[in-house]
Amino acid sequence: EISWTLPDTSHVSQEDLTSVIFFFVNILFLFAYLCHAVGSQVGDVLLYYCYCEVRDPEKLCAWQKALCQHLHLTGKVRVASEGINGTVGGSKVATSLYVKVMLSQPLFKNILCQEDFKSSAGGAHCFPDLRVGVFKEIVPMGIDPKIVSYKETGIHLSPQEFHREVEQYLSQATQGQSDTILLDCRNFYESKIGHFQGCLAPDIRKFSYFPSYVDENLELFKDKRVLMYCTGGIRCERGSAYLRSKAVCREVYQLKGGIHKYLEEFPDGFYRGKLFVFDDRYAICSNEDIISACRYCGVLWDQYKLCSSQHCRQLVLTCPSCCNKGLTACCPVCQEKELKVTSRASGQILKEECECTRRRPRVPIEPVSPRMLDTGK
């Protein structure tokens, strides 16, 4: 039942299907700053989601796994009774076939369209493996989809409409007349390296903290027009629905297609810096702005690395100069541990809350005054 729904690849060579990327993985990572230019010749990474009723998530999951393996794709796909959310990488031929099959799948027909697939230069090398699974939510907000449904989402704005709204917001904010909040509903490490000018970026580590953040800061949103955005649009679907359920905002809007689609049309618009992505690239760029700094010396720097302590999976911004000095951990605690701890015989990597995570409150209360909001700070 699964095999007959897989695309015919008999007319495609193995090289075109798997891409020559695997032969150049080490070179690509060595010259990461050229990844965009080189990657455009070798493969793509797709980002998409589709909210719809899935009566048999396990069956859809099995089909997705078979499809991705058939096309030699790597990445992550989340399936739930409320839909599907995926980011996969492979050759241009493979990703093109994947989109074609997805659009012809009866479950997604008349719901999913070509424009729903966000594409960027990359390939199968951008992910360590393929992970396909069934979950309760296709984006982990931590609230039952039956309680806060994607059907109660905010008003979708096209990139052009969102651009005009942000332009008007920034113009009014400089005059102290804005009744709008430009809300980044991503995690702090994402907004740290790139965000819209004049945005409010919550200091949260996970999207599952967003509802609590809203609950603790309802006064900020009272009688306001809220313009929300995220990477590809999926977090705004549930996030805007949750915000609307509180009945405090005057209006809630969201950027359709997320930052991905906005940057396709406005690479030099109001979004500055890099766009964080959840794969081994960590970030993709559309402009030359660097808005973040090295954690140690403060020089402008926006290329993330994993903390060098084997216990920790936190991301750290450390420039080449500081790396050469051995400053490669996310905090002093991890830096000290790295020098003391020997590798485990099992090779197991454990997650551990270090100084960084302990000091960061789970649900920060934004120290934002009405005056700061009015001036777009």
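Q: Are Tyr48 and Phe117 buried or exposed, and what does that word mean here?
A: Tyr48 is buried, and Phe117 is too. Buried means under 20% relative accessible area, exposed means over 50%, and partly exposed is in between (1.4 Å probe, protein chains only). Keep in mind that this is a predicted model, where local features need pLDDT of at least 70, side-chain atom pairs count only at pLDDT 80 or more, and totals for chains, interfaces and linings use all residues. Residues are numbered from 1 along each chain as its sequence is written, and side-chain values use heavy atoms, with hydrogens and water left out.

Q: How many aromatic pairs does a search of the whole structure find?
A: The search finds 16. To pair, rings of Phe, Tyr and Trp (its six-membered ring) need centres within 6.5 Å; planes under 30 degrees apart count as stacked, over 60 as edge-to-face and the rest as tilted.

Q: Why is the pair of Tyr48 and Tyr98 called tilted?
A: The ring centres are 5.9 Å apart, which is within the 6.5 Å limit. The planes of Tyr48 and Tyr98 stand at 55 degrees, so the pair is tilted.

Q: What makes this a link between distant parts of the chain?
A: Tyr48 sits in strand β1 (residues 44-51) and Tyr98 in helix α5 (residues 92-104), 50 residues apart. Helices (H or I, at least four residues) and strands (E, at least two) are DSSP runs, numbered from the N terminus.

Q: Which kind of pair do Tyr48 and Phe117 form?
A: This pair is tilted, with 5.0 Å from centre to centre and 35 degrees between the planes. Tyr48 in strand β1 and Phe117 in the loop between α5 and β4 (118-121) are 69 residues apart.

Q: How do you know that Arg78 lies over the face of Phe135?
A: A charge sits over a ring if NZ of Lys or CZ of Arg is within 6 Å of the ring centre and within 35 degrees of the ring normal. Arg78 lies over Phe135 at 3.9 Å from the ring centre, and Arg295 lies over the face of Tyr296 at 5.0 Å.

Q: Why is His72 called partly exposed?
A: The relative accessibility of His72 is 31%, which falls between 20% and 50%. His72 lies in the loop between α4 (57-70) and β2 (74-80), and has a positive phi of about 60 degrees although it is not a glycine.

Q: What makes Asp223 exposed?
A: Asp223 has a relative accessible area of 52%, and exposed means over 50%. Asp223 is found in the loop between α9 (218-221) and β9 (225-229).
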